[in-house]
Amino acid sequence: MSSAALPMQQRVSREQLSATAGCLLLALLPHLPGLRWWIIATIGVVGGLRVLLALRGRDAPPRAVSALLALLAISMLAVKFRGFSGLAAGTALLTLTAGLKLLETRTRRDLCVIVLIIYFLALTALLANTSFLLLGYSLLIAWVTTASLLCTTTTAQDLSPRAGLTDGARLLLQALPIALVLWLFFPRFAEPLWHAPNPDNAATTGLSDTLSPGDITDLALSDDVAFRVHFRGAPPPAAERYWRGPVLYDFDGRTWRRRDAELIASPALEPQGPAYVYTITLEPHGHNWIYTLDWPSSWDLPRAFLTPDYMLIQSSPVAQPLSVTATSHTHTAASDDLGAALRERDTRLPPGSNPRTRAFAVQLRAQHPEPLDYMAAVLEMFQTEQYFYTLVPPPLGADPVDEFLFDTKQGFCGHYASAFAVLMRAAGIPARVVTGYYGGTYNRYADYWLVRQSDAHAWVEVWIEGRGWTHVDPTSAIAPGRIDHSVRDAESASAALGMPLPGRLPWLRELRLRADALRELWRSRILGYNQDSQQRLLAHVRVPDPDVGKLVVVLAGALCLALAWLTWQVRREMRTPPTDAAARAFERLCAKLAGCGLGRGASEPAESYAARVAAARPDLAREVVALCRRYNELRYGRAARPADLERFAAAVRAFRPRGSRASS
Amino acid sequence: MKSLRQVATRTLRAWAARKFGADALPHRIARRRIYILPTGFGLVIAALDVAMLIAALNYNNNLGLAFAFLMSSLALVAMHHCHRNLLDLCVDVAPEADGFAGGPLEFRFVLGNESSLERRDIEVRCGERGAALTQVAARTSAPLAVPLDAAPRGVIRLPAFELRTRYPFGWFRAWTYVQVPLTVYVAPQPAGLARPPAPAGARGGVNAESAGDEEFAGLRAYAPGTPLKHMAWKVLARGGEAAVRNYTGFAADPEWLDWSAVQGQDTEGRLAQLCRWVLDAAEARKSYGLRLPGLELAPTAGFGHRLACLRALAAFSSGSRP
């Protein structure tokens, strides 16, 4: 009875199907690297097949075929992923469903289902990758998909793809301010709703909580950003910019580790010297520690705590960019004594390992009974003897410290820190290895220090009675001014490893700093927008004591404003003056006549309007009838010349109906 | 579920009828009379949006959140556009329509759009009996014929009609009721035999076929369907109303199409026979009268008379038999 009224059940046209298939392809592109080859192949084959069929004017294959394919694909998915949870499996399921749905598409309703999947695919792409470019690309997908949905769901025959794109863009642009309001004021949670499955690409990067010989080499060649730091006030001098990461104390002869079960209360350190306040923004690294400037004393992350060995730890891994504002002092002092348990732990060496080193340490300690003298002697040995700093040291065998100290004499920070700590422990001086980062590059475009993975470093802390834990960087004994030298070393290393190093030219470096400044802005302002940012925003607009309740009130108010704007905008669109010059002039004419109480009726044709005016005002009859006839000719006749239009507009301007007879 | 929806619709329609009373034609659709609800597709979109929101919140992902909010805002914008698609639309219709049982029936609507936006996918529904869709370009009006389902003889009265739209995207359905009663007169499907020629004496010796058109009997108002040669062109040329010269056969010679003359059939059969005679007589441009139990239409000719007779046949109910 009313089949004409149900466009959703109409068959799809060739154009509609191709447009939606194109949108699906666009939405799939960002997912391609993460998809298994057979999923891509399946979607490509079934989607291509359906588009080919449509182009030849044929219908979808029988339902049994697509049902069988769906069964096959879903069971394959279930076997390969062992379930459907997680982003990768979910995305695979979504893309497969979209491809198979495309194959069996018959009506417009089927296309609508695919459009839903496209929207969701655009979202999951953003969940996996948060780059600025991808957001733009997702908006592009949203635009073309919305346009294709608009063309699919209307029965307007003349809705060309171009009109669909224009109207789709208009609708999305009107949605943007409302979306912005929602985004700004929708309450963020400090904690996720439930434990977020780690995005599959957020594997652990950067330093780990172990240190073996050769561990830091790959990091030294990586240009990836570890974190960025903004100092409030002056930064500490270059020699004091040590960024503290995992503290390692358990040594098995080869590898340094930490065991959380073995944390022993340590004497409190008294901060000395100037306090440095800074905000550090970590790239996700998948571990639960937070890098801080040596030595942290306070921080603004309530769920984080400081271990006795001064590591800042939070309960969950850093899977999202994380900003912390902390205070540190580069100098400390301790008046208390190191406890016996801690002294035992930090002088422990596995029996029988690295015998040459231990013998050497005992001998050297006998010559230098003062711990500070002994340390100086070891450092002098590194400086004067033929120890080389290289990122491609020869491989080490069963007693790596022995071999490094007495045979190969080539290594980098990890080797030197490890050897130094072993020498200290063998001489009965408590020592531990600290890994982290050293230095950083100042970005003057956005006033922050950029610390890359290539700044990864390892150093040693030694307990000196009366001074507390003392910072020793044995690597600096060999290669003073390590930052400058590391470039040369890294280049030789890259030549040795056959890997090119990006961006060592000065102008390229500047360009990269600028790009990183932009990235940092994007990261801190957009990606890092959180509960604190919201409260700062509220404080900025003079909301006293901002909290979540007030945020909701502000959200409601802003949303009302945005909706009022939308209503106004839509009304304005409905009343846009005509772009056609003839229609504009005619509206002016009608307005003039309306001034005499002779307004044009709702969609009254010009001719009958003229007749009505002529009847009511015989004195205007000739002029009005002539103008209306002229209007009809210009509007609906053959193409009007600009001169004719101009003359018509001039005639309308000259037309002055004198007073209203009805009122006089 | 379906019945619940029907009950809700009926309640709303009754409430709207009570609150807003009868409407005049042409009717302009006012803001307060447009109702809007999400469609099934709209609810699915809402569910998708909630899923997007939860996913983005769970991953603490501001970009995903922005995308989810963009989609929900798009739904809000779509709701506004769905509403404005009906707003200020002007509807006109000839509220009476005629047809034959089992034959095509339709209402002719005119939708006027004074705004600068095209109105897309405007659906006019005449109750459950028929619906049609059209587009109305900016600053124009568009005709829309709404075909109704074929019906048996009788008079169909619709208390109101409805305008609907699902544009854009089909996420929302906006609708309004126009409280203008519509009537369809469904005349019987003509059947039976042609009328046997009357005895010569009864016709006064005048040849009806030559005389019927010849006697000028004054002017009457123009009605659609009048033969062009009957138009009073001179009157029109003087600037008067369109008029028709009325011709009749001899007044003394009316042809009575009489209920009682049709024998031996049931009510519908008799009405079908009478309908055939009316059409035959009108075709032959005779003057004729119609006698039904309890109703008599005086003999005359012309389109208006034909319409009156057919409507009388459509409206005849056996209960009115004396």
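## Contacts and overall make-up

Two residues are in contact if their C-beta atoms, placed from the backbone, lie within 7 Å. In this predicted model, residues 24 or more positions apart account for 68% of the contacts in chain B with a separation of 6 or more. For chain A, the corresponding share, again for residues 24 or more positions apart and contacts with a separation of 6 or more, is 74%.

Chain A has 664 residues, of which 37% are buried, and it contains 22 helices and 19 strands. Chain B has 322 residues, and 38% of them count as buried; its secondary structure comprises seven helices and 17 strands.

## The contact between chains A and B

The contact draws 54 residues from chain B and 53 residues from chain A. On the side of chain B that touches chain A, two or more residues come from each of helix H2 (40–58), helix H3 (62–84), strand S5 (105–113), strand S6 (119–126) and strand S7 (130–136) of chain B. Among these, H3(B) gives the most, with 18 residues. By residue class, the side of chain B that touches chain A is made up of 30 nonpolar, 16 polar and eight charged residues.

## Nonpolar cores

The largest nonpolar core holds 135 residues, and the members that touch the most other members are Ile118(A), Ala122(A), Leu123(A), Met52(B), Phe67(B) and Leu313(B). Helix H5 (residues 108–128) of chain A supplies the largest share of this core, 15 residues. Leu123(A) is in contact with Met52(B), Ala55(B), Gly64(B), Phe67(B) and Ala68(B), when its neighbours within four places in sequence are left aside.

Another core, of 77 residues, lies apart from the largest one; Leu207(A), Ala319(A), Val434(A) and Ala456(A) are among its residues.

## Strand pairing in chain A

Strands of a sheet pair through backbone hydrogen bonds, either parallel or antiparallel. In chain A, three strands form an open sheet in the order S1-S5-S4, with antiparallel pairing. Strand S1 (210–211) and strand S4 (250–251) of chain A are the edge strands, each pairing on one side only. S4(A) and strand S5 (residues 256–257) of chain A run antiparallel and are joined by two bridges; within this part of the chain, Phe251(A) stands opposite Trp256(A) in S5(A).

A further antiparallel pair in chain A consists of strand S18 (residues 456–464) and strand S19 (residues 468–472), joined by five bridges. Trp463(A) has Trp469(A) in S19(A) as its bridge partner. S18(A) and S19(A) form a hairpin with three residues between them, and Gly466(A) in the turn has a positive phi of about 90°.

## Strand S11 of chain B and its partners

Strand S11 (residues 172–178) of chain B is largely enclosed by the rest of the structure, because six of its seven residues are buried. S11(B) is joined by four bridges to strand S2 (residues 35–38) of chain B, and the two run antiparallel. In this pairing, Tyr35(B) has Trp175(B) of S11(B) as its bridge partner.

S11(B) is also joined, by five bridges and in antiparallel fashion, to strand S10 (residues 161–165) of chain B. Here the bridge partner of Thr165(B) is Ala174(B) in S11(B). S10(B) and S11(B) form a hairpin with six residues between the strands, in which Phe169(B) takes a positive phi near 70°.

## Two residues of chain B in their surroundings

Gln273(B) belongs to helix H6 (residues 267–283) of chain B. A residue counts as buried if 20 or more other C-beta atoms lie within 10 Å of its own; Gln273(B) has 22 C-beta neighbours inside 10 Å and therefore counts as buried. Not counting residues up to four places away in sequence, Gln273(B) touches Ala191(B), Gly192(B), Val262(B) and Gln265(B). From C-alpha to C-alpha, Gln273(B) and Pro190(B) are 6.2 Å apart in space, while they are 83 residues apart in sequence.

Ala298(B) is located in strand S17 (residues 295–300) of chain B. A residue is exposed if 12 or fewer other C-beta atoms lie within 10 Å of its own; Ala298(B) has 10 C-beta neighbours inside 10 Å and so counts as exposed. Ala298(B) and Tyr288(B) are 10 residues apart in sequence, and their C-alpha atoms are 7.6 Å apart in space.

Notes: Residues are numbered from 1 along each chain as its sequence is written. Chains are lettered from A and ligands numbered from 1 in the order in which they are written. This is a predicted model: local features need pLDDT of at least 70, side-chain atom pairs count only at pLDDT 80 or more; totals for chains, interfaces and linings use all residues. Two strands pair if DSSP finds at least two bridges between them. A nonpolar core is a set of buried Ala, Val, Leu, Ile, Met, Phe, Trp, Tyr and Cys residues joined through C-beta atoms within 7 Å. Ala, Val, Leu, Ile, Met, Phe, Trp, Tyr, Cys and Pro count as nonpolar, Asp, Glu, Lys and Arg as charged, and the others, Gly among them, as polar.
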